[in-house]
Every structure is written in structure tokens, then in C-alpha cells.
Amino acid sequence: MIKKIIFFGQGPHAKFTYDWTKKNNLDFFFITSPRLKSQIDVKKLLSFKCKHLITKKVTLKELKKICNSGTIAISAGAPFIFSEEVINLFNGNIFNLHNAPLPAVRGGASISWMILEGKKKWTSTIHKIEKGIDSGNILMVKNIKFPKEIKFPIDYINFIWEKDLILLDNFLNKLFHNAKIKELKQNEEKSIYYPRLNAKVNGWINFLWKGEHIERFVFAFSYDYDGARSYINNNLIKIFSVKSKKNINETKHPFIVGVIFKIKNKNLYLHTIDGILIIYKYVCKAKIKAGDRIYTPSKMLDSALSERVFFNP
């Protein structure tokens, strides 16, 4: 029988779980990190003065003080790596809500990778936490189909979170009523791990790509991230919204890519290898004229591929 829920992480999932425990007369304890404490949903939850711990590392010593019989743990968007000792403390009752399909999309930055690959169907997953990353048995899933009008990462995230809460509610209710939940072992042959991304490191545009690939790349690093980027007239340009148009009847020389051939209503029209790209939303201090070229230095492209990003709690 559930008596207490310890929630690790962030997002509306934390506030939802807090409300759910209050509705069902259960204890609630919230654990998050210094990096996440300024997140809007985290600040809102902390304003309720719920019992909480802000820490860079989850330790067995701290958890033993708050964990007792009937305690389960839920993680969603948590930056922590749980030790085997911490996992064992919960006797199989520590779970993660991973807003991506498993085992096909393990790791972080799943929304950006999803946009890069042009996917319009998705799955959120609740699984048991084991020592491996996102490797525990799958308990429940929520299949998601995105509306055509969604383009920006923040819109995808909000849409997924809305569906996540339905999934989380169903899962918590099943646990509360001791309903049987079938476990599905993950197929390791189908597992794929995706590394985290950061626009300032990985968001440099290669204009030798096809227009469609540039478009996906721009949106993958768009709002609420810091934008895909390049240079024009030795000034940084951050790009947030574009549209590619393919021209199947024309073959262009690679030397023309990135050249702006028209500016209309502040929108930039430039050549791509297979058509044109229209840049609608961008930030740049340079005065831009037709004939200028947007160009990413090769050292930036090399670092975007070679540097791996890690986030501290």
C-alpha cells in the first residue's frame, strides 16, 4: 500500500504528483537540483512549501531519513544518476517517466533528435529504474500523434507533457489500487542511445545540407532553446524559423549556397544546394543586404560534431 511518494525531477509532473498525493491523503517529498530550482513548475511547487531537498547528488544517507515502508519514487526529468544502493532501497518501486519511446530513444535531448528525424508520432514511457540508463522493464506507455501545426521544441514539449500527465495519472491509480501491471522487458537489440545537445555547441548550421535537413535542424534548436546559428558579415546570426523550398528542375553549384538573393519584409531568401531557404525569425546585429552570404566556419562545424555536452545537476 502506497503511503508516500518521493518525486525526483521537474516539470508539471512534479506539481501533478503533489496534487495527486494530497487528493489521496498521502505524504509527498520533492527532490530536485540547483540547476532546476528556477524552472517555472519547480518554483511553483516550492512556493507551496512542500517538504523538499535541493541537491546535486542523491545519497543513500539522505534517502534513508525520508524513506519508509510504503514509499515509492517517481522520476521525471531528473538530472540524477541513481546508484544501485539507492535503487535497491525502494525494492523495485522506483519508476521513471521517460517522454520518448523505449528502447528506441534512450538518453537526453529526445525532442530535438525527434525533430531532426522528422517524426510525427511518439511515445511516452513509464519504466522501472535499473542501473542502466533507461533500461528497466516497461510498465505503461502513451502513444502520441502530433498536430501538423506544431513546429517548435517548446510546443512539442508542452504537448507531450499534457499526454504525460494522463499516463502518470493512470499509472499512479493502478499502483494505489494494487492493480496488476504487466512488465515488458526491453529488447536490447533495438536500443539506441542519444546524447544531450546544446545549441551553443551543437547548433551550427551546415549550409551544404539539403534544404529540408537545414529546416529540421533549425527547428530542433529553436524556441525555447537558443537557436541554430551561423555567421554573416562576421556577426553571429541565431535562426529560429525557416521554410525550405525544393527546386527539382534546377541544379546549383555548391558555391552559391548561403548567398542571400532577396530580402522581403525582413525575411531572408537564400540559396540551398537543392532550392531556396526563407528565414523568417532570426536575431543578428549585422546590417544584412542582398548578396551577403550566411556561412558557418568549418571549425564550428567540426566542434558541433566532435564536442559532447554534459549538464551538471
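This is a predicted model: local features need pLDDT of at least 70, side-chain atom pairs count only at pLDDT 80 or more; totals for chains, interfaces and linings use all residues.
Residues are numbered from 1 along each chain as its sequence is written, and local features need pLDDT of at least 70, with side-chain atom pairs counted only at pLDDT 80 or more, while totals for chains, interfaces and linings use all residues. Side-chain values use heavy atoms, with hydrogens and water left out.

View 1. Seven strands form an open sheet in the order 3-2-1-4-5-7-8, with mixed pairing. Strand 3 (52-54) and strand 8 (138-145) stand at the edges with a single partner strand each, so one side of each has no neighbour in the sheet. Neighbouring strands of this sheet are turned by 15° against each other on average, direction ignored. Here strands (E, at least two residues) and helices (H or I, at least four residues) are DSSP runs numbered from the N terminus, and two strands pair if DSSP finds at least two bridges between them.

View 2. Strands of a sheet pair through backbone hydrogen bonds, either parallel or antiparallel. Strand 4 (residues 71-76) pairs in the parallel sense with strand 5 (residues 94-98) over three bridges, and Ala73 has Ile94 of strand 5 as its bridge partner. Strand 5 and strand 7 run antiparallel and are joined by four bridges, with Leu97 partnered by Ile126 of strand 7. Strand 7 and strand 8 also run antiparallel, joined by seven bridges, and Thr123 has Asn143 of strand 8 as its bridge partner. Six of the eight residues of strand 7 are buried, that is, under 20% relative accessible area with a 1.4 Å probe, protein chains only.

**View 3. Helix 1 against helix 6.** The axes of helix 1 (residues 11-23) and helix 6 come within 10 Å and cross at roughly 35°, where axes are lines fitted to C-alpha atoms over the stretch in contact, and angles run from 0 to 180 degrees between N-to-C directions. Contact (heavy atoms within 4.5 Å) involves residues including Phe16 and Trp20 of helix 1 and Trp161 and Leu168 of helix 6. The residues of this contact divide into eight nonpolar, four polar and two charged; Ala, Val, Leu, Ile, Met, Phe, Trp, Tyr, Cys and Pro count as nonpolar, Asp, Glu, Lys and Arg as charged, and the others, Gly among them, as polar.

**View 4. The end of helix 6.** Just after helix 6, Asn178 takes a positive phi of about 55°.

Definitions and conventions:
Buried means under 20% relative accessible area, exposed over 50%, partly exposed in between (1.4 Å probe, protein chains only).
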